[in-house]
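Biologist: I'm new to this structure and would like to get to know it with you. Could we put it on the screen and work through it step by step?

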Amino acid sequence: MRVITAAVLKLSSRVSLPTNVPVNASYGIWKLPRSIAAGKHGYTTQSDRPISRYPIPYKKDLPYDIAELMEDVERKSDFLPNVFKVMAHRPDEFRAFFAYYNVIMNKDTGNLSKADKELIIVATSAHNKCPYCVTAHSALHRIYSKNKTLADQVVVNCDLADLGQRERAMLEFALAIAKPENITEKHLSKLEENGLDREDAWDIAMVTAFFAMANRIAHLTDMRPNEEFYALGRLPKEKSEEPK
């Protein structure tokens with residue numbers, strides 16, 4: 001399986017193009033594979049549960065820029081994350097959602113690595129009880145960090161996870177934002193003691209805040225994670241499965 005790389009998730013300026021030109025093809029109604037589809041009130045392996053309680057548009061009905069972006073992501077990663085399909089229900093919000101995602105997740109400045117950001121998402125999404133974001137971003141953390149266990153540890157019990165001092169300070173601050181707590185100079189000083197300045201604090205807060213919104217969208221839509229996410233970053237890639 002080709003992994004989802006930074007290039008796959010980096011969304012181009014096409015997302016913001018104001019176009020309504022449809023394409024002449026159809027994905028149909030997307031559903032999870034039977035192997036991970038869930039029943040009406042919880043996870044099961046015996047149901048064809050839809051990936052969202054809201055309608056998933058046919059590709060032929062999508063604006064061209066959105067359909068093109070989704071095709072590009074699917075071609076490069078070998079699957080299309082369900083969040084693209086679900087957000088396509090509201091094209092203008094799709095564009096705004098992924099444009100801001102790109103701004104905060106793919107910026108080239110600051111001291112937060114891609115692995116740092118994914119771990120923040122894992123910790124705060126676990127706090128917000130969001131299965132989609134926990135599953136998807138645990139996979140991305142495994143890929144970026146090359147650490148197969150840390151995200152799982154953070155999901156189960158952040159206090160007992162094998163975190164370094166810098167990672168722990170980062171996650172404690174993110175969880176303070178997520179709860180939310182009143183942020184004080186003490187919070188910021190602890191970050192600074194671990195090499196993270198006030199601009200990094202802003203970045204941590206923006207990632208946390210954006211994915212708090214994403215968590216709530218996932219709850220509203222009853223969005224389910226793709227089966228592919230569960231294996232990403234856990235097993236060695238075969239030569240035939242190397243990304244292009």
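Biologist: Let's start inside. Which residues does V154 touch, not counting residues up to four places away in sequence?

Modeller: A word on ground rules: this is a predicted model, where local features need pLDDT of at least 70, side-chain atom pairs count only at pLDDT 80 or more, and totals for chains, interfaces and linings use all residues. Residues are numbered from 1 along each chain as its sequence is written, and side-chain values use heavy atoms, with hydrogens and water left out. Contact means heavy atoms within 4.5 Å. Once residues up to four places away in sequence are set aside, V154 touches L119, V122, A123, A161, L163 and L171.

Biologist: Is V154 buried or exposed?

Modeller: V154 sits in helix α7, residues 150–156 (helices are DSSP runs of H or I with at least four residues, strands are runs of E with at least two, and both are numbered from the N terminus). With a 1.4 Å probe and protein chains only, buried means under 20% relative accessible area, exposed over 50%, and partly exposed in between. The relative accessible area of V154 is 3%, so V154 is buried.

Biologist: Which residues have the most contacts inside the largest nonpolar core?

Modeller: A nonpolar core is a set of buried Ala, Val, Leu, Ile, Met, Phe, Trp, Tyr and Cys residues joined through side-chain atoms within 4.5 Å. The largest one has 59 residues. Those with the most contacts inside it are F84, F94, Y132, V154, L171 and F211.

Biologist: What links the side chains of N128 and R216?

Modeller: N128 is in the loop between α5 and α6, and N128 counts as buried because its relative accessibility is 10%. A polar contact is a pair of N or O atoms within 3.5 Å; within protein, one must be able to donate a hydrogen and the other to accept it, and residues adjacent in sequence count only if both atoms are side-chain atoms. The N128 and R216 side chains are joined by a polar contact of 3.4 Å.

Biologist: Which helix gives the most to the lining of the second largest pocket?

Modeller: On a 1 Å grid over the protein atoms alone, a pocket is an open set of points where a 1.4 Å probe fits, with protein on both sides within 12 Å along at least five of seven lines, and lining residues have an atom within 4 Å of a point. This pocket is lined by 14 residues, with C158, D159, L171, L175 and K179 nearest its centre. At least two lining residues come from each of α5 (114–127) and α8 (165–178). The most, five residues, come from α8.

Biologist: Which peptide bond is cis, with omega near -10°?

Modeller: Most peptide bonds are trans. P180 lies in the loop between α8 and α9 (185–193). The cis bond with omega near -10° runs from K179 to P180.

Biologist: What is the phi of K146?

Modeller: Most residues other than glycine have a negative phi. K146 lies in the loop between α6 (131–145) and α7 and counts as exposed at 67% relative accessibility. Although K146 is not a glycine, its phi is positive, near 65°.

Biologist: How far apart are the C-alpha atoms of F229 and A136?

Modeller: F229 lies in helix α11, residues 228–231, and counts as buried at 3% relative accessibility. F229 and A136 are 93 residues apart along the chain. Their C-alpha atoms are separated by 5.6 Å.

Biologist: Stepping back, what pattern does the protein follow along the sequence?

Modeller: The protein has eleven helices and two strands, and 47% of its 244 residues count as buried. Among contacts between residues at least 6 apart in sequence, 71% join residues at least 24 apart. Read along the sequence, the pattern is α-β-β-α-α-α-α-α-α-α-α-α-α.
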